[in-house]
Amino acid sequence: MKLFIDSGSLKDYEALAPLGIIDGATTNPSLLAKEGGDPRAIVKKICGLVQGPVSAEVVSTSAADMIVEGRELAKIDPHVVVKVPFTRDGLKALKALTGEGIRVNVTLIFSAAQALLAAKVGAALVSPFVGRLDDVGQNGMALIQEIVEIYRNYPFHTEVLVASTRHPIHIVEAAKMGADICTCPAKVIDQLFKHPLTDIGLSNFLKDHEKAQAARV
Ligand code: E4P
């Protein structure tokens, strides 16, 4: 399963990209707004740091404007994947941009029906938001299970990008279900590394080694 960073912060990319576990990135207008500055310049820098697909979202709402904006976003860098919201206009823009060879990620997916429609129109990626579903008392990961099952029944080329992840269990469950990608805030990626028994085990190994070395002198 591919692992993406869900962030607009260059610091997150600088810290995590060298670890060799990051395959791409997702941004959204809220994440980029937090950083200040020119969002497109930030996206360009992220592309340079991850060297993989980087989703950049349109802020237009009509299909015609999304198409124009999507073309501009795609010109930022060959790694850019244009993100459009799941709306009727978003699907029209998806069709047009895909027809021009631009890869499109359909975002704000909250139902299997939406994921099915986006795949039919040729989305490269769909972004179901699991954490936001959990927040309103629906099981986010159950949606991933449904989408993975539906996509397995047909020759779609759409990848399932699990978004709005909040903790390592989302990531592990997504991998067990066969989702293609998980995008995670840096904090969640940090949590994937942690296990107290690893820390205790290492500390004991080093102490034992030091004791043995001291005994040899
Ligand atoms: C995905 O591409 C979105 O940027 C993101 O995962 C949204 O997550 P949130 O629900 O934590 O804002």
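Biologist: Which residues of α4 are buried?
Modeller: This is a predicted model. In α4, the buried residues are Ala-63, Met-66, Ile-67, Glu-69, Gly-70, Leu-73 and Ile-76.

Biologist: Why would residues three or four places apart in a helix point the same way?
Modeller: An α-helix has 3.6 residues a turn, so positions three or four places apart point the same way.

Biologist: How many residues does α4 have, and how far does it reach from its first C-alpha to its last?
Modeller: Helix α4 has 14 residues and reaches 20 Å between those two atoms, close to the 20 Å expected at 1.5 Å a residue.

Biologist: Let me turn to the sheet. How many strands are in the barrel, and in what order do they run?
Modeller: The closed barrel has 8 strands in the order β1-β2-β3-β4-β5-β6-β7-β8, and the pairing is parallel. On average, neighbouring strands of this sheet are turned by 30° against each other, direction ignored. Helix α4 (residues 63-76) packs on the sheet, where it touches β3 (54-57) and β4 (80-85), and its direction makes about 155° with that of β4.

Biologist: Which strands does α6 lie across?
Modeller: Helix α6, residues 112-120, lies across β5 (104-109) and β6 (125-128), and runs at about 165° to β5.

Biologist: Where does β1 pair with β8?
Modeller: Residues 2-6 form β1 and residues 181-184 form β8, and the two strands pair in the parallel sense over 4 bridges. Within that pairing, Ile-5 stands opposite Cys-184 in β8.

Biologist: Back to β4. Is it enclosed or open, and why?
Modeller: Strand β4 is largely enclosed by the rest of the structure, because 6 of its 6 residues are buried. Both of its faces are covered: Val-80, Val-82 and Val-84 are buried on one side, and Val-81, Lys-83 and Pro-85 are buried on the other.

Biologist: What pairs with β4 on the β3 side, and over how many bridges?
Modeller: Strands β3 and β4 pair in the parallel sense over 4 bridges, with Ser-55 opposite Val-81 in β4. The chain goes from β3 through α4 to β4, and this β-α-β crossover is right-handed.

Biologist: And between β4 and β5?
Modeller: Strands β4 and β5 also pair in the parallel sense over 4 bridges. Lys-83 stands opposite Asn-105 in β5, and β4, α5 and β5 make a right-handed β-α-β unit.

Biologist: How accessible are Glu-72 and Arg-40?
Modeller: Glu-72 is partly exposed, with a relative accessible area of 35%. Arg-40 is likewise partly exposed, at 33% relative accessibility.

Biologist: What about Asp-208 and Lys-211?
Modeller: Their side chains meet in a salt bridge at 3.9 Å, N to O. Asp-208 and Lys-211 are 3 residues apart in helix α11 (residues 196-216), so about one helical turn separates them. Asp-208 counts as partly exposed at 44% relative accessibility, whereas Lys-211 counts as exposed at 57%.

Biologist: Last topic: which way do the side chains of β7 point?
Modeller: From β7 (residues 159-162), Glu-159 and Leu-161 point one way and Val-160 and Val-162 the other, and all are buried. Strands β7 and β8 pair in the parallel sense over 2 bridges, with Leu-161 opposite Ile-181 in β8. Together, β7, helix α9 (residues 168-177) and β8 make a right-handed β-α-β unit.

Notes: Residues numbered from 1 in each chain as written. Predicted model: local features only at pLDDT ≥ 70, side-chain atom pairs only at ≥ 80, totals over all residues. Heavy atoms only, no water. Pairing = 2+ DSSP bridges. Axes fitted to C-alpha atoms, helices over the stretch in contact; angles between N-to-C directions. Contact = heavy atoms within 4.5 Å. Buried < 20%, exposed > 50% of the residue type's maximum accessible area, 1.4 Å probe, protein only. Salt bridge = Lys/Arg side-chain N within 4 Å of Asp/Glu carboxyl O. Expected span 1.5 Å × (residues − 1). Right-handed = clockwise from strand over helix to strand, strands pointing away.
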